[in-house]
Amino acid sequence: MNGFPTFYIKAMIKNPIFFIYISFVLFFVYFIKGSLHITIFEFVRLFFHGYICSNLFLLISTAWVISKRYESLVFLERDVLKKQWKLLFSAFIISSVVALLPMAAMLAFKNPLTDGSFLWKGLVHFFILWTLSNMLAATIGTTIGILVQHRASILLSLLLYGYFLWKSINTTITYQQKLLNIFDDYMQVETNTMSGTIFNLNYFLDKLFLILLMLFLLLITYSVYRKKKTAYILLAVLALLAMKGVVIYGEKHVQKIRAYPTAEFAHVPYAVQTYKMDLALTNRLKNTAELEMSFSSAGDAINLLLDDCFTIDSVKVNDSPVKYSHKNNLLKIDVPYRPNETKKIVVSYEGDVQLEDDLGVLTYYVTNDAVNLPGWLFAWYPAMPEPKPSYYDVRLDASAKIYSNLGIFTGETERKGETSSLSLFAGQYQTLTDNGVTYILPIDAHLDVFQSSLKGLINQAAKARHRTLSASDLQSLQNRAYKTVIVGSWPNGLDDEGLRLVGDTLIVNDSNY
Amino acid sequence: MGNHLSIENVSFSYGKNVVLDNISFACRDGITALLGNNGAGKTTLMNLLTGLKKPSRGRIMLNGIDLLKTKPYPIDQVGYLPQTFDMYGNVTGYDLLSYVFDLKKIKTNKKETIDEIVERFHLGPVIHQRIGKYSGGYKRRLGIAQAVIGKPTLLIIDEPTAGLDPEERAQFRSYLSEISNDAITLISTHIIEDVELYSQQIIILKDHSIAFDGSVAEMISESIPYIRTLETDFSTLMALRKKVTVIEEKRLSTDRYKIRFIKNEQDVADSYQEKEISLENAYIYFQNR
């Protein structure tokens, strides 16, 4: 078949290295197959030895094939750059076919609780990581092979690839260094089970960076072998600039968790009596929050926490638009109030929620199928720090099943109740019940192990000299006076014992148990 | 009518170093041998014909088409077998022929075409084996097979029998004779014996130009008057070596030698002109005149 690089595929695979490569891939699949019982994403994260093995095979074989300049082929093929594309196509086909082995294992040994959408996301995520790292290796191999035209090109390709490998396995967290990681950004940092991989802007920028890097390498060969050298050099420079642009754009758009200005709330003379929310969760959060507030003394502005990741559409007080400012996670509404007055404040806002912690791990997020919004920590709705119980009337529209301390939301649901904060969670969860307690746990959790772990956490909290849990909350936990347990995720450096009791719902930090 | 190749006023230089200086010749179907000492420009001429190098001036016309201006270069009309034909050792001969078939965009049935070529060059026993396992003879046959696939009108073959044993050379000569019936077959070689057996035209390159262009018979007849034969003793032979270019020596007895040399202005007593000389004698004459 014309156009299909059968010849080069055969030249690359008909050798013992290919069989060694396949054997290693199978070995790594077998070796980490157990991680599939956690999640597919854990398998994808741990499979980096498999990626490296595949990368090395394609790097060496493409560099070897292209560095061989047989006169009869030089005569027939004429254009070495076309040969490079043929080899890249061959590498893509080999990569795609071999990818079927780990993908088949993923399907065969996956955690049976894996939801369909997470399964597809896991497979796609694996295929993207596998293919891009393989194609980068093949691009390095062919580029060095073309430029050097000697066996030494294999060694030089290995050195260049080694640089990216070193960058990839180094536990560095700057944005630029994360972009240079040719595998999973979370290869060295364990993420929570519930979210899976999130295909957000950062994810696509990360992959775009690799594609631009490949383009840059290809343009170098074009600038050497094509007549319009200057034009290709300029294009290569443009590719470099675009890579820098990705770094700048990405750094600017990374949402980081920042401390809230809680000092602004010392002795405020107001409280929220009721919340009425009309909330939509897709790949972003859109909310119209109606707050009924009461005031105990006079003032001329209301401060509320609301994360900077949101953009406010309007703020109305008693149905009239008012002036407000929103910066440093603080919503300041310029409205005077008097003692014993109540006001209806309506805040309409929306935004992407993809907040990373200090290690670059996505911590608070909203996507179509994964949500992590611990309401007492993350101001996803206008609130005050350490709020008093309020009455919540929440109408929520989401495609995923949302677990909360007000109950479960499926599709378009309304839930009401009194609570001090509202937390929403969705993702790879399982629901289990034991002794009248509902446990909403990650799909890899075992109830008995979790219960034992929880008991340890509570005992530890009881012994701690400094704890954030109140004595009554601790007493409730020790008496197992909770009806629902949900595992959520928040930074574990908060010194909060990894436990939060909100009404009769106990929320446990995934990284603590 | 047949095919026609003409090289017209072709020159090629590496910087100031002239490799080919305004050379012209024409050939038709059959074997044309390109002879010349190392550095005479044979390989450069081959590279120009294959389009891998561009001449500084002149043109190369194949059946009225300017080979150098045709884009892309018509690989379907030209077959090329380089002196050192080598290939990825892990692919089979069939893989290679199949790939060449694709590259040349040949319109005939692929399997039939390859099977026919395999049979023609007796590659059957090895065609599905890895090329790395081929003997020198089989590799050379595969080389010629990939060159002739698609029936090109011009075949460019560099040192076709170099490194082959006598039996393989004889076999290869028969292949060349067969394929040159309906293709211009330009062969660069050092092996004069081969040239004598199959060439209908000889071109000798010397000092970057063409020193001879004609048939074997013409080459011999042109050189016969300048080649003398003498039977002499060893001391005379030693003295003669300083005066003339001796091109052949044959020891007849302990102190008797029959020699051939290229005549210069001064005649040598007792020397005579023979009716027949070898093509090798003629070639050396053209290289030394």
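This briefing describes a predicted model in which chain A meets chain B. Local features require a pLDDT of at least 70 and side-chain atom pairs count only at pLDDT 80 or more, whereas totals for chains, interfaces and linings use all residues. Residues are numbered from 1 along each chain as its sequence is written, with chains lettered from A and ligands numbered from 1 in the order in which they are written. The model scores ipTM 0.90 and pTM 0.89.

**Confidence in chain B**

- The mean pLDDT of chain B is 90, and 100% of its residues score at least 70; pLDDT is the predictor's confidence in each residue, from 0 to 100.

**Overall form of chain A**

- Chain A contains 13 helices and 20 strands; helices (H or I, at least four residues) and strands (E, at least two) are DSSP runs, numbered from the N terminus.
- The C-alpha trace of chain A spans about 95 × 50 × 45 Å along its principal axes.
- Of the 513 residues of chain A, 43% are buried; a residue is buried if 20 or more other C-beta atoms lie within 10 Å of its own, exposed if 12 or fewer, and partly exposed in between, with C-beta atoms placed from the backbone.
- Among contacts in chain A between residues at least 6 apart in sequence, 71% join residues at least 24 apart; two residues are in contact if their C-beta atoms, placed from the backbone, lie within 7 Å.

**Helix 8 of chain A**

- Helix 8 (residues 152–169) of chain A has 18 residues and should span 26 Å at 1.5 Å a residue, which agrees with the 25 Å between its end C-alpha atoms; the expected span is 1.5 Å times one less than the number of residues.
- Buried residues of helix 8 of chain A include Ser153(A), Ile154(A), Tyr161(A), Phe164(A) and Leu165(A).
- The buried residues of this helix pack against helix 4 (48–67), helix 7 (116–148) and helix 9 (175–180) of chain A.

**A sheet in chain A**

- Three strands of chain A form an open antiparallel sheet in the order 4-8-7; two strands pair if DSSP finds at least two bridges between them.
- Strand 4 (302–305) and strand 7 (324–327) of chain A are the edge strands, each pairing on one side only.
- Strand 7 of chain A is joined to strand 8 (residues 330–333) of chain A by four bridges, and Tyr324(A) stands opposite Ile333(A).

**Strand 9 of chain B**

- Five of the six residues of strand 9 (residues 201–206) of chain B are buried.
- Strand 9 of chain B pairs with strand 3 (residues 30–36) of chain B in the parallel sense over five bridges, and Leu34(B) has Ile203(B) as its bridge partner.
- Strand 9 of chain B also pairs with strand 10 (residues 209–214) of chain B, in the antiparallel sense and over five bridges; here Ile203(B) is partnered by Asp213(B).
- Strands 9 and 10 of chain B form a hairpin with two residues between them, and Asp207(B) in the turn has a positive phi of about 50 degrees.

**Interface between chains A and B**

- The interface brings 16 residues of chain A into contact with 22 residues of chain B.
- Helix 1 (6–13) and helix 5 (71–77) of chain A each supply at least two residues of the chain A side, and helix 5 of chain A gives the largest share, six residues.
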